[in-house]
Amino acid sequence: MVISKQRTGEPLLLEELPDRWRELRGAGPVRYDDTQGVWQVLDHATVATVLADPATYSSDLSALAPTQPDFETFTQGNFVGMDPPEHRKLRTLVSQAFTPRVVQGLEPRIEAVCARLLDDVAGRDRFDLVDALAYPLPIIVIAELLGIPAEEHRLFQEWASVLFGGDQLGEAPDMADLERALEAIAPTVREMNGYMLEHIRARRARPGDDLTSRLIAAEVDGARLADQEMVGFVALLLVAGHITTTALLGNAVVTFDRHPGTDEALRADPARIPAAVEEVLRWLPPFPELGRRVTRPVVLGGHEIPAGTLLMAHLGAANRDPARFDEPDVFDTARNPNPHLTFGHGIHFCFGAPLARLEARIALRMLHERFRMLAIPSYEDVTYQNPAVIVGVRHLPVEAGRP
């Protein structure tokens, strides 16, 4: 569902969520959520422990989640939901093709794409920041990186909207809700699978200088990915590879707007932007919970949790843990250190984190260079994503002032 227009007098969703996360910790570091029927881990130390122990806390949730044939095809190459040793194979492959050098080499292209997108709104006093920049910038960059036609980014936007929109879900979905959602979005997944398979086969026949071609050629222990394995792999990179940056940019602009003086301070000292990006990531993690399956009986926070249990590691709550952060409920763009868990921890640490950070830094810097002021004139016109799926804005009308 779309959490749509904010009514006057209501608390803003992106301010209400952190309050909820802080309140969750009132019952202790580990609690049982009766509404969803899952255990939640809420403090920084225990969340980090859970994420760092894949043998005890598995990322493979297939035994707990509803099944659907099109999703089974998609998940063949989705290493986010895999454990060692399968995870190591796929992670090593993508690491060979998606190196820090590759990411850093994208900086001029990110700047060029950002400049072109901002040129398109150069004559407008108001525009939708998501439509104009936060969505197209990362999807164009990742599509070009994969060798996929970036001009088709509207199609990819439709896929992401269906997959991450949560239109079939409430804010506290149960398994029945998930089953209905899977059936509803299965046609989109089927379309995406077919598109990716065609792209992979074309690149195998005619390799290019792109990430897909490098993934096809990469080997681990003498093995390469089969076409069908690569479908979910490339789709994950395309769709998940942009949605975090989209959410991060929107969340940054909203958070800066809600904390007067922040934007002006960053304009005066652009060197502070990287630290500000990290604080936005801590403040509003786009994916605030990560699911894990308990593989053996454990005791967490004094609670006995049996094998086979679904456990949710709550990054949003962990990022507000006063045992780890000084004044955790203060938005501080100079926070240092800032050991937030937004990109995960351990073997599943988000390999796309350097790209998301780079895109956000460049986009915010160029917004400041292009506009002397960027404000949200009315929160009644802002629409939000379903926070059960992703924390972010879907539409963000802004008012711009030029130098």
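Predicted model: local features only at pLDDT ≥ 70, side-chain atom pairs only at ≥ 80, totals over all residues.
## Helix 12 against helix 16

Helix 12, which covers residues 227-258, packs on helix 16, which covers residues 353-370, at an angle of about 45°, and the axes of the two lie 9 Å apart. Because of that angle, helix 12 counts as oblique to helix 16.

On the side of helix 12 the contact is formed by Thr 245, Leu 248, Leu 249, Ala 252 and Phe 256, while helix 16 contributes Ala 356, Glu 359, Ala 360, Ala 363 and Leu 364. Sorted by class, the residues of this contact comprise eight nonpolar, one polar and one charged.

## Helix 12 against helix 14

Helix 12 also packs on helix 14, made of residues 273-283, here at an angle of about 95° and with the axes 10 Å apart. The two helices are therefore roughly perpendicular to each other, since angles of 65 to 115 degrees fall in that class.

In this contact, Leu 248, Asn 251, Ala 252, Thr 255 and Phe 256 of helix 12 meet Ala 276, Val 277, Val 280, Leu 281 and Trp 283 of helix 14. Leu 248, Ala 252 and Phe 256 of helix 12 take part both in the contact with helix 16 and in the contact with helix 14.

## Backbone features in the loops

Two cis peptide bonds can be described, each with a proline. One joins Pro 84 and Pro 85, with an omega of about 5°, and Pro 85 is placed in the loop between helix 3 (69-75) and helix 4 (86-97). Another joins Asn 336 and Pro 337, with an omega of about 0°, and Pro 337 belongs to the loop between helix 15 (315-318) and helix 16.

The loop between helix 15 and helix 16 also holds Glu 327, a residue that has a positive phi of about 45° although it is not a glycine. Glu 327 counts as exposed because its relative accessibility is 59%, and the cut-off for that class is over 50%.

## Cysteines

The structure contains zero disulfides. Cys 114 is buried, as its relative accessible area is 0%, whereas Cys 350, at 29% relative accessibility, counts as partly exposed.

Definitions and conventions. Residues numbered from 1 in each chain as written. Heavy atoms only, no water. Disulfide = S-S within 2.5 Å. Buried < 20%, exposed > 50% of the residue type's maximum accessible area, 1.4 Å probe, protein only. Axes fitted to C-alpha atoms, helices over the stretch in contact; angles between N-to-C directions. Helix = DSSP H or I, 4+ residues; strand = E, 2+ residues; numbered from the N terminus. Parallel < 35°, antiparallel > 145°, perpendicular 65-115°, else oblique. Contact = heavy atoms within 4.5 Å. Nonpolar A, V, L, I, M, F, W, Y, C, P; charged D, E, K, R; others polar.
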